[in-house]
Amino acid sequence: MPLDVAYIEERMKYHRVPGCSIAWIEHGRLMDYKQFGTVATGSGQRVKADTRFNACSMSKFLTSVLVMKLVETGQVALDVPVNDWLDSWQLKDGVLSTPSEVTLRQLLRHESGIIDATGSFGELDLTFGRPSMIALLNGDTPYHDGPVHVTGKPGQTFHYSDAGFCVIQLLIEDVMERPFANVIRDELFVPLRMHASGYHFEVESVKFASGHDKHGHSIAPIIPHYPYPAAAGLWTTTEDLSRVVIEMMEAVKGNSRVLSPRMVKDMLSGSSLNPFVGLGVFLDGEQKRRELSSLGWGIGFQSMIVAYPYIGKAIIIMTNAELGVHQMDGLIGDIYRATFN
């Protein structure tokens with residue numbers, strides 16, 4: 001169904017969401033793409049097609065697609081200990097202080113046994129600046145209290161972990177011998193023509209949405225940012241994200257420039273203990289009705305991707321307000337239900 005503009009605008013007003021961007025995919029094609037509201041309360045500056053939103057943890061979805069491409073080309077492997085690939089730093093068992101046997105597959109599924117320190121991974125601290133991944137993983141920054149290490153049994157319990165994706169970022173940088181942002185630009189953004197995606201918000205002539213609280217008030221800093229790219233640092237548009245989702249749909253049919261059907265099947269396969277989580281995505285449904293979802297939730301922003309790769313249907317919603325409730329209980333849930341129900 002086409003996006004109902006009047007309904008969305010009414011729901012935005014009800015939930016006090018200043019700005020929103022939506023992409024709707026049907027039959028594996030971008031069918032509708034609209035923007036609503038303003039980049040900041042009272043600004044009068046409308047959200048446009050090139051307005052970038054903070055993807056927050058939806059960054060992990062893009063990182064996971066990048067990992068699968070590197071697996072496809074043999075540059076990394078899912079089931080080899082990550083320490084075999086890491087040169088600049090080593091992941092250790094927190095109890096024995098010995099090298100860990102954690103794999104990329106376990107990191108992508110949040111089954112590595114890494115548990116983030118309480119209160120970690122906040123927004124950019126302007127007094128400290130951007131951390132190096134080695135400093136962050138060593139516990140030498142305000143972004144994680146103490147060194148990152150394995151405290152649980154790998155391959156068992158699900159523990160959502162930003163630190164795990166920081167390990168993935170460092171691994172990619174070690175293997176590819178250049179910054180993560182450059183790798184994903186060359187391997188994913190350029191091939192898919194994602195011209196409005198990146199990891200720095202201090203870019204002149206680029207329009208960024210500002211963050212807001214549940215009352216519609218701008219937050220400080222007005223444009224919050226997470227300085228760990230692979231885990232939560234992406235700024236992008238719904239149109240750019242639709243290119244990745246459509247590419248996965250093409251991969252299912254064997255037509256992708258980035259992934260093979262086998263790589264997508266791997267991403268959409270849950271573990272026996274935690275069937276609801278795939279490689280960098282959450283899962284629901286079975287076989288052709290397999291659903292992947294990715295959620296972004298941070299200071300001032302909430303977003304969601306829900307996609308059905310085997311039937312070519314998806315919706316991508318990005319907003320510049322953090323409502324204090326799960327996405328499905330706010331504006332994003334209203335739009336989702338109006339689209340799919």
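View 1. C56 is buried, at 2% relative accessibility (buried: under 20% relative accessible area, with a 1.4 Å probe and protein chains only). The search of the whole structure finds zero disulfides, a disulfide being a pair of cysteine sulfur atoms within 2.5 Å. For C20, the nearest cysteine sulfur is that of C56, 14 Å away. C20 is also buried, with a relative accessible area of 0%. The nearest cysteine sulfur to C56 belongs to C166, 14 Å away.

The model is predicted: local features need pLDDT of at least 70, side-chain atom pairs count only at pLDDT 80 or more, and totals for chains, interfaces and linings use all residues. Residues are numbered from 1 along each chain as its sequence is written, and side-chain values use heavy atoms, with hydrogens and water left out.

**View 2. The largest nonpolar core.** This core has 87 residues (a nonpolar core: buried Ala, Val, Leu, Ile, Met, Phe, Trp, Tyr and Cys joined through side-chain atoms within 4.5 Å). Those touching the most other members are F61, L62, I172, Y228, V245, L259 and I305. Helix α5 (residues 162–176) supplies the largest share, nine residues (helices: DSSP runs of H or I, at least four residues). A second, separate core of 19 residues includes V17, V306, I315 and I335.

**View 3. Surroundings of I305.** Not counting residues up to four places away in sequence, I305 touches M58, F61, L241, V245, L292, S293, S294, I315 and I316 (contact: heavy atoms within 4.5 Å).

Technical notes:
Buried means under 20% relative accessible area, exposed over 50%, partly exposed in between (1.4 Å probe, protein chains only). Helices (H or I, at least four residues) and strands (E, at least two) are DSSP runs, numbered from the N terminus.
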